[in-house]
Structure formats: C-alpha cells, structure tokens
Amino acid sequence: MFQWDFQMQKFRSKTGIGIVLFIVIVLGGSSAFMAYFKAWPGIVINLALAGFIFYIFRSTYYLIDGQDIIIKSGFTAGLRINIRSVTKIVETNNTLSSPATSLDRIAIYYNNGQSIMISPVSKMDFIHHLVEINPDIEVILKIHKR
C-alpha cells in the first residue's frame with residue numbers, strides 16, 4: 001500500500017482564469033480610460049495594484065508539515081491548523097474572501113465549527129494526504145457532469 005511521506009509538502013494555490021480575467025478587465029479597462037485622459041498617476045497606481053495582486057497570487061500556498069496544515073498568503077504569518085482537528089472537507093465554489101486564488105475551492109472545517117477555504121492545484125492529492133493522516137475526516141465532493 002502507498003504511504004505518504006509525512007515530511008513537509010507544499011501545495012501551490014490554483015490560479016483561476018475567471019479571477020485573472022476579472023482583474024485584467026478591471027485594471028486594463030480603467031488604465032485605458034486613464035491613458036485616454038492622460039491621468040498618469042492613476043495608471044501608476046493601477047500598475048502598483050497589479051504588482052501587489054501578482055505578489056499575492058505567487059505567495060499563496062499550503063504546507064502539510066507533519067500533523068499541521070500551514071496556510072500562507074501574502075504578508076500573513078500563516079495560519080496553522082492541526083489535521084487531527086479537521087472534521088470535514090467540502091468542495092465549493094463559494095466567492096467569499098479566502099486565501100485561494102481560484103473559485104475551485106475546498107472548505108476545511110476544523111476545531112468545532114471554524115472553517116477556511118483554499119484552492120490547492122492538486123486538490124485530490126491534498127485531500128488524500130489529509131485523510132491519510134486523519135481518516136475520520138468526512139469528505140464531500142461535488143458530482144462532476146461530463
């Protein structure tokens with residue numbers, strides 16, 4: 001039987017094309033409007049905002065370190081969740097703010113009612129890894145139609 005290596009494993013956040021297109025349309029459209037009116041300070045602000053968003057996208061990832069999940073996004077110190085406290089994982093497309101760069105997300109329920117949504121690229125690998133550590137986790141996946 002396959003055994004996971006319980007050393008530190010890093011999972012990048014999936015980048016959702018919908019989120020990227022929305023950002024490009026909003027920043028690109030407003031920048032084009034500002035360029036037409038020669039509002040150069042506004043374009044500089046949009047470029048700085050685009051750089052910040054790019055940084056957030058590149059710095060969002062999830063680590064499985066022994067018995068813990070460490071969720072890192074941007075300048076945050078990183079949320080640490082004990083995998084033994086995870087009770088349920090639910091596949092979701094919820095649009096609420098979270099350390100996820102895609103709407104293809106999973107909600108992790110832990111510590112009797114707390115939850116957080118993340119979007120690992122290898123969602124099923126991530127879930128399997130957690131269930132290997134804590135087989136009591138209830139996993140609820142959507143049925144994908146083809």
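Me: Is Ser 119 buried or exposed?

Reply: Bear in mind that this is a predicted model. Burial is read from relative accessible area, and under 20% counts as buried. Ser 119 has a relative accessible area of 0%, so Ser 119 is buried. Ser 119 is found in the loop between β7 (114–118) and α3.

Me: Which polar contacts does the side chain of Ser 119 make?

Reply: Look for N or O atoms within 3.5 Å. The side chains of Ser 119 and Ser 13 are joined by a polar contact of 2.8 Å. The Ser 119 side chain also reaches the backbone nitrogen of Thr 101, at 3.2 Å. Beyond neighbours within four places in sequence, Ser 119 is in contact with several residues, including Arg 12, Lys 14, Tyr 62, Asp 104 and Arg 105.

Me: Where is Ser 85?

Reply: Ser 85 lies in the loop between β4 (79–82) and β5 (86–92). Its relative accessible area is 17%, so Ser 85 is buried. The side chain of Ser 85 reaches the backbone oxygen of Asn 82 at 2.7 Å. A polar contact of 3.2 Å links the side chains of Ser 85 and Asn 111. Setting aside neighbours within four places in sequence, Ser 85 is in contact with Tyr 109, Tyr 110 and Asn 111.

Me: What is the phi of Asn 111?

Reply: Phi of Asn 111 is near 45°, a positive value in a residue other than glycine. Asn 111 sits in the loop between β6 and β7. At 41% relative accessibility, Asn 111 is partly exposed. Lys 38 has a positive phi too, near 55°, and is not glycine either. Lys 38 is in the loop between α1 (17–36) and α2 (40–58). At 59% relative accessibility, Lys 38 counts as exposed.

Me: How do I read strand pairing, and in what sense does β5 pair with β6 and with β8?

Reply: Strands of a sheet pair through backbone hydrogen bonds, either parallel or antiparallel. β5 pairs with β6 (residues 105–110) in the antiparallel sense over six bridges. Glu 91 stands opposite Ile 106 in β6. With β8 (residues 138–140), β5 pairs in the parallel sense over three bridges. There, Ile 89 stands opposite Val 139. β5 is mostly covered, with five of its seven residues buried.

Me: What is the strand order in the open sheet of four strands?

Reply: The order is β1-β2-β3-β4, with antiparallel pairing. β1 (9–12) and β4 stand at the edges, each with a single partner strand, so one side of each has no neighbour in the sheet. The twist averages 20° from one strand to the next. β1 and β2 (residues 61–65) pair over four bridges. Phe 11 has Tyr 62 in β2 as its bridge partner.

Me: Which strands does α3 touch as it packs on the sheet?

Reply: α3 touches β1, β2 and β3 (68–72), and its direction makes about 25° with that of β2.

Me: Which residues of α3 are buried?

Reply: List the buried residues, then look down the helix axis. In α3 (residues 123–133) they are Lys 123, Phe 126, Ile 127, His 129, Leu 130 and Ile 133. Seen down the axis of α3, they fall within an arc of 160°, so they line one face of the helix.

Conventions. Residues are numbered from 1 along each chain as its sequence is written. This is a predicted model: local features need pLDDT of at least 70, side-chain atom pairs count only at pLDDT 80 or more; totals for chains, interfaces and linings use all residues. Side-chain values use heavy atoms; hydrogens and water are left out. Buried means under 20% relative accessible area, exposed over 50%, partly exposed in between (1.4 Å probe, protein chains only). Helices (H or I, at least four residues) and strands (E, at least two) are DSSP runs, numbered from the N terminus. The arc is that of the directions from the helix axis to the C-beta atoms. A polar contact is a pair of N or O atoms within 3.5 Å; within protein, one must be able to donate a hydrogen and the other to accept it, and residues adjacent in sequence count only if both atoms are side-chain atoms. Contact means heavy atoms within 4.5 Å. Two strands pair if DSSP finds at least two bridges between them. Axes are lines fitted to C-alpha atoms, for helices over the stretch in contact, and angles run from 0 to 180 degrees between N-to-C directions.
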